[in-house]
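Let's walk through this one chain by chain and see how the parts meet. Here is the sequence with its structure.

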Amino acid sequence: MNTLTAVPSFEQLPAPSISRGRVGMACLIVAESAIFIIFVVAYVFYTGKSISGPLPRQVLELPIAGTICLLSSSATITLAVRALRKDRKSLFGAWWATTIALGASFLFCTAGEWRKLIQKEGLTISTNLFGTTFYSLVGLHATHVVAGLTALGVVMIFALKGKVNRLHTERIEVLAIYWHFVDVVWVVVFCVVYLLAS
Amino acid sequence: MTVKTATQDGIPDGTDSSWVSECDYPGTLLERIHGWVITVDHKRLGIMYVLLALAYLLVGGVLAILIRAQLAVPNNHLISPQVFNRLFTLHGTTMIFLSAMPFIFGFANYLVPLMIGARDMAFPRLNAFGFWLTFFSGLLLYFSLIGGEGLSGAGTAPDVGWFAYSPLTSRAFSKGHSTDYWILGVMVGGFGSIATAINIVTTIITMRCPGMTLMKMPLLAWLYLVVGGMVLIAISPLTAAQIMLLLDRFLGAHFFDTQAGGSAVLWMHFFWIFGHPEVYILVLPAFAFASEIIPVFSRKAIFGYPVMVGATVAIGFVSLSVWAHHMFTVGLGPTANTFFTISTMFVAVPTGMKIFNWIATMWGGKLIFATPMLFSVGFLAQFLIAGLTGVMLAAAPFDWQLNNSYFVIAHFHYVIVGAIIFMIFAAIYYWFPKATGRMLNERLGKWHFYLFVIGFHLTFDTMHVPGILGMPRRIYTYEADRGWGTLNFICSVGALFQGAALVVFVFNIIRSLQKGAIAGSDPWNAWTLEWSTPSPPPSYNFATIPEVRSRRPLWDIKHPTDPDWNYE
Amino acid sequence: MIESPIILTFQRRASLATGGIVLLCSQVCCGAVRSDPFSPTNIFSPASPPAHAIANLAYFVLLITAAIFATVFGLIIYVVAKYRRRPNDDGKEPPQVYGSNAVETAWTVVPIIVVVVLSLVTARVIHQIQEVPKPPGAVDVQIIGHQFWWEIRYPKYGVVTANEIHVPVGSAAEPRPTFLELRSADVAHSFWVPRLAGKTNLIPNRVNTMWIEPERAGVYLGQCAEYCGTQHALMLIRVYADDPDAFDRWIKGQQQYAEPNAIGAAGRELFQANACINCHTVNGIGGAGRFGPDLTHLMSRATLGSGATENTQENLRAWIMQPDHFKPGVLMPAMNLSDSDLDNVVRYLLTLK
């Protein structure tokens with residue numbers, strides 16, 4: 001059954017200029033931004049205050065590969081939405097899958113970085129203040145990437161079953177807004193953690 | 001379904017006995033309970049929130065009576081320090097997160113769609129999710145009473161105070177799992193609050209009925225719009241701090257670990273960046289209720305609607321900048337102390353102005369002292385006093401004496417009980433007829449009011465004095481030579497009056513559900529959209545989505561020769 | 001201390017309810033009395049410059065807030081009385097007034113002016129108290145907060161004690177303030193002696209400072225004012241303000257210590273052999289325990305357990321046997337000594353004057 005025919009009655013009202021989905025997502029982004037700001041503040045506050053253990057500039061390398069993956073995924077998700085708006089379902093599927101792959105690659109790069117930090121440099125969340133604030137901030141971001149990828153994955157499954165079409169564009173776009181937010185947070189984390197470290 | 005005789009104003013009322021309402025839905029008891037459990041209807045969720053809040057109000061009240069019993073005389077040994085410390089921690093946490101917040105979200109849920117002419121909230125399933133998160137967060141917190149004994153057998157319910165300062169909450173000083181139950185219970189509730197706030201903001205922005213511009217919606221909607229925005233901004237810092245504390249306690253992180261260079265003051269900053277906006281989140285709905293109830297019982301429009309809107313938005317912004325007035329004694333330095341003194345005093349301006357607007361609304365009106373109005377007038381006087389003691393506390397040097405003393409406890413109970421709870425009572429008496437179709441009993445309402453007012457003032461007027469005489473908070477007992485004994489005894493007696501008032505209230509609710517007078521759709525002769533539906537409203541709220549031309553659509557219908565839109 | 005609680009309670013409530021003026025008068029008269037009729041910890045009975053500055057600011061703030069209260073509360077009463085719906089009401093709605101620019105401007109501007117004035121006055125007092133340079137003759141005291149007692153150190157004199165502080169009196173003519181450096185060994189505490197100054201927190205990994213200058217000899221009471229755990233309630237403070245000679249004598253007395261002697265030798269050996277010496281320092285017998293209070297001059301103190309009970313021989317014995325009895329949740333364990341061992345230890349401790 002086409003899910004679109006079971007639309008609840010209040011969606012048949014004349015649509016306001018701003019959609020519910022967008023406003024709701026904007027609200028969620030406000031709340032999430034507040035959490036991230038607090039973790040960034042903690043990171044910045046504790047810069048230089050570790051009493052022992054490795055310093056950021058000693059162990060951090062710019063995560064160029066992961067960053068390119070994640071930022072490109074913003075571009076690919078935009079292309080996916082554009083394709084869906086033109087009802088080009090297979091193109092949409094292709095860009096969507098690429099987005100997921102890029103997002104997963106980012107996580108893979110982060111995992112690799114953490115493995116190196118833990119095993120080679122001996123930096124864990126309990127090593128010192130830098131370890132604490134680094135892993136929690138980057139980890140919080142990574143958690144949001146995982147959540148985003150899960151949502152993207154669900155859409156992928158529906159798309160593969162042929163159930164996603166032009167009429168779903170609005171909802172897919174709302175999800176894309178979340179994905180863009182995750183990218184913007186990464187830009188901030190990149191600057192605060194990696195650029196300031198050097 | 002036939003509509004029986006309309007009232008003289010031409011507005012259909014809900015007295016048609018053949019109409020099947022929510023409460024009369026046929027089915028077995030199990031089917032009816034199931035209906036409530038799976039509901040996504042904003043009205044049912046609103047009622048459930050309010051019932052949850054009322055239940056926890058009683059629980060928190062029992063905790064308070066135990067506290068007052070222990071403090072009634074000096075050197076009392078009724079309750080051990082270990083139990084006492086858990087009592088005040090649970091009392092504060094319960095009252096704020098499990099009573100006050102659910103009350104305000106319950107009313108938001110019930111009223112906002114009805115007042116803006118919508119059929120439901122923007123995200124009904126998210127709404128239900130938010131409620132059940134809150135429900136289970138309460139169970140999680142109280143499970144600590146049985147489950148808190150960690151491996152070292154230390155502690156049951158949390159005993160770190162409702163603001164859980166570091167490093168008292170670290171593994172070293174809080175053994176076992178009692179603190180973890182505090183963290184998780186409050187955090188899960190926080191997620192529920194954020195979900196509800198997303199709903200409130202989205203609903204108000206996108207689902208107003210045709211003709212209802214932002215400046216034509218009821219003041220309650222404006223106040224809740226700002227509340228929603230504040231919840232989104234302010235709850236997250238607490239969630240973040242709690243995640244950090246969990247990382248400290250479970251993964252050996254050092255956020256607040258002073259031995260590793262961490263900062264105890266950082267927790268305070270994060271907590272109060274949440275904590276101060278939180279109390280505005282709690283009080284703005286009280287303002288919302290006052291802005292709806294006082295006009296109706298004065299028979300006049302609210303005075304100065306645009307300025308009320310402006311003041312509300314100003315409060316929303318300025319209140320985000322005052323948090324460190326809870327930290328004047330931490331040693332932040334004279335510059336910081338001066339800044340926060342100034343910002344705190346300034347937030348008093350838009351807040352205090354509203355009192356003038358309400359008085360001006362009553363001025364020249366015809367005041368009807370039904371129970372909702374009695375509680376509203378009590379609110380006005382008490383909020384005035386609460387605001388003024390707040391101005392006293394804003395003066396940092398004065399706060400260096402009064403901080404963490406019983407003066408502060410008196411001040412914030414004046415706000416939370418004297419202003420917020422009073423308006424919640426007013427709101428319940430005012431909107432109970434709409435939600436249930438029956439009136440609450442007026443005589444019992446007056447008993448409730450007078451008993452509560454006497455008890456409230458006995459307790460909380462007196463309570464300012466021990467603070468001035470040097471009594472700190474969170475002490476399970478005190479020496480006889482301090483001169484605090486008689487004062488504490490009076491405070492404790494007042495608590496009993498308040499308890500009695502609540503018993504009367506609960507009795508009134510139960511009895512009125514069964515035998516209350518039938519309310520009809522508009523028992524108070526009011527002017528906003530919710531009074532145009534039957535009582536209780538059908539699940540779809542409005543047969544046709546209304547179209548409005550002014551802030552008081554029903555005034556326009558009732559006074560067709562002199563509608564509001566000529567004056568707005 | 002004279003106390004007629006019921007009348008005084010009424011007096012207190014009346015003055016709070018009707019304004020600072022009554023309070024002002026009563027306190028100007030009563031505040032100068034040596035001991036306060038209401039409470040030994042009354043913030044309106046200041047005996048030291050910071051406390052005076054705060055009390056004076058408080059009177060000013062109370063005056064303004066009382067005036068605001070009288071005005072607005074008066075308006076509420078007036079409106080409630082004048083505009084209640086009469087029984088013979090004609091049922092018509094009253095004239096609807098939607099707002100007034102003039103009125104609303106007025107009641108925005110006036111509060112802003114009030115707030116500006118209050119802020120300026122307050123800012124001045126903040127700097128008056130917190131930006132005082134330390135004069136050369138000042139006494140330095142380091143206070144380290146513990147769960148649930150106060151460690152007191154005089155670095156310049158080499159004196160270490162617990163829970164009771166001795167400071168010299170001072171005045172404008174002969175200033176001799178005491179500057180306190182506040183630290184914590186475990187969790188957050190707060191040092192509050194209301195008649196001498198506002199409170200300041202003791203926070204681990206941080207140093208806070210405050211100053212006091214009692215103007216009259218006597219004992220000033222206070223207690224911890226930041227919830228710090230089970231026995232936060234019994235973390236009491238006694239500040240003894242001494243005339244200059246008395247203070248010098250006290251310092252000298254603290255700097256000396258009892259040489260180990262025959263009386264209490266048995267007890268001293270038990271003290272050194274058992275876990276006592278791990279937590280408690282006593283000058284002259286070795287050991288450097290800092291988890292518990294320094295006991296070198298234990299018998300010079302008025303109370304045991306930072307105010308949990310009076311320092312008498314019986315209480316001392318009972319305390320060592322079962323500290324929990326006086327202060328449930330205290331961190332000192334019951335020592336489980338035999339009766340004779342306990343007697344010997346007490347006999348030894350009694351020599352630590």
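## Chain A and its helices

In chain A, which has 198 residues, 35% of the residues are buried. Keep in mind that this is a predicted model. Chain A has six helices and zero strands, so its pattern along the sequence reads α-α-α-α-α-α. Taken along the principal axes, the C-alpha atoms of chain A fill a box of roughly 60 × 30 × 25 Å. What about contacts across the sequence? Among those in chain A between residues at least 6 apart, 84% join residues at least 24 apart.

## Who touches whom

Chain A and chain C have no contact between them; their closest C-alpha atoms are 12 Å apart.

Let's take chains B and C to begin with. Here 85 residues of chain B meet 83 residues of chain C. Which helix of chain B gives the most to the side that touches chain C? That's helix H9 of chain B (residues 334–362), with 16 residues.

Now for chain A against chain B. This contact takes 26 residues from chain A and 31 residues from chain B. On the chain B side, helix H5 (178–206), helix H6 (219–251) and helix H7 (264–298) each supply at least two residues. H6(B) gives the most, with ten residues. The side of chain B that touches chain A divides into 21 nonpolar, eight polar and two charged residues.

## Helix pairs in chain B

Two packed helices are described by the angle between their axes and the distance between the axes.

| Helix pair | Angle between axes | Distance between axes |
|---|---|---|
| H2(B) (residues 42–71) and H3(B) (residues 81–116) | about 155° | 7 Å |
| H10(B) (residues 371–394) and H12(B) (residues 406–436) | roughly 160° | within 8 Å |

Take H2(B) and H3(B): with an angle of about 155°, the two helices are therefore roughly antiparallel, as angles over 145 degrees count as such. H2(B) passes H3(B) in a left-handed crossing. The residues of this contact divide into 25 nonpolar, nine polar and one charged.

How are H10(B) and H12(B) oriented, roughly parallel or roughly antiparallel? They cross at roughly 160°, and are therefore roughly antiparallel to each other. The crossing of H10(B) and H12(B) is left-handed. In their contact there are 17 nonpolar and eight polar residues, and no charged ones.

## The sheet in chain C

On to chain C, where five strands form an open sheet with mixed pairing. The order across the sheet is E3-E2-E1-E5-E8. E3(C) and strand E8 (208–212) of chain C stand at the edges, and each has a single partner strand, so one side of each is left without a neighbour in the sheet. On average, neighbouring strands of this sheet are turned by 25° against each other, direction ignored.

Let's zoom in on strand E2 of chain C (residues 149–154). Is E2(C) mostly covered or mostly exposed? Mostly covered: five of its six residues are buried.

On one side, E2(C) pairs with strand E1 of chain C (residues 139–146) in the antiparallel sense, over five bridges. A hairpin through two residues joins E1(C) to E2(C). Within this pairing, Ile144(C) stands opposite Glu151(C) of E2(C), and Gln142(C) stands opposite Arg153(C) of E2(C).

E2(C) also pairs with strand E3 of chain C (residues 159–162), again in the antiparallel sense and over four bridges. Here Ile152(C) stands opposite Thr161(C) of E3(C). How many residues lie between E2(C) and E3(C) in their hairpin? There are four, and Gly158(C) in the turn has a positive phi of about 70°.

One thing to bear in mind while looking at these strands: in a regular strand the side chains alternate between the two faces of the sheet.

Key: Residues numbered from 1 in each chain as written. Chains lettered and ligands numbered in written order. Predicted model: local features only at pLDDT ≥ 70, side-chain atom pairs only at ≥ 80, totals over all residues. Buried ≥ 20, exposed ≤ 12 C-beta atoms within 10 Å, placed from the backbone. Pairing = 2+ DSSP bridges. Contact = placed C-beta atoms within 7 Å. Axes fitted to C-alpha atoms, helices over the stretch in contact; angles between N-to-C directions. Parallel < 35°, antiparallel > 145°, perpendicular 65-115°, else oblique. Left-handed = near helix turned anticlockwise from the far one by under 90°. Nonpolar A, V, L, I, M, F, W, Y, C, P; charged D, E, K, R; others polar.
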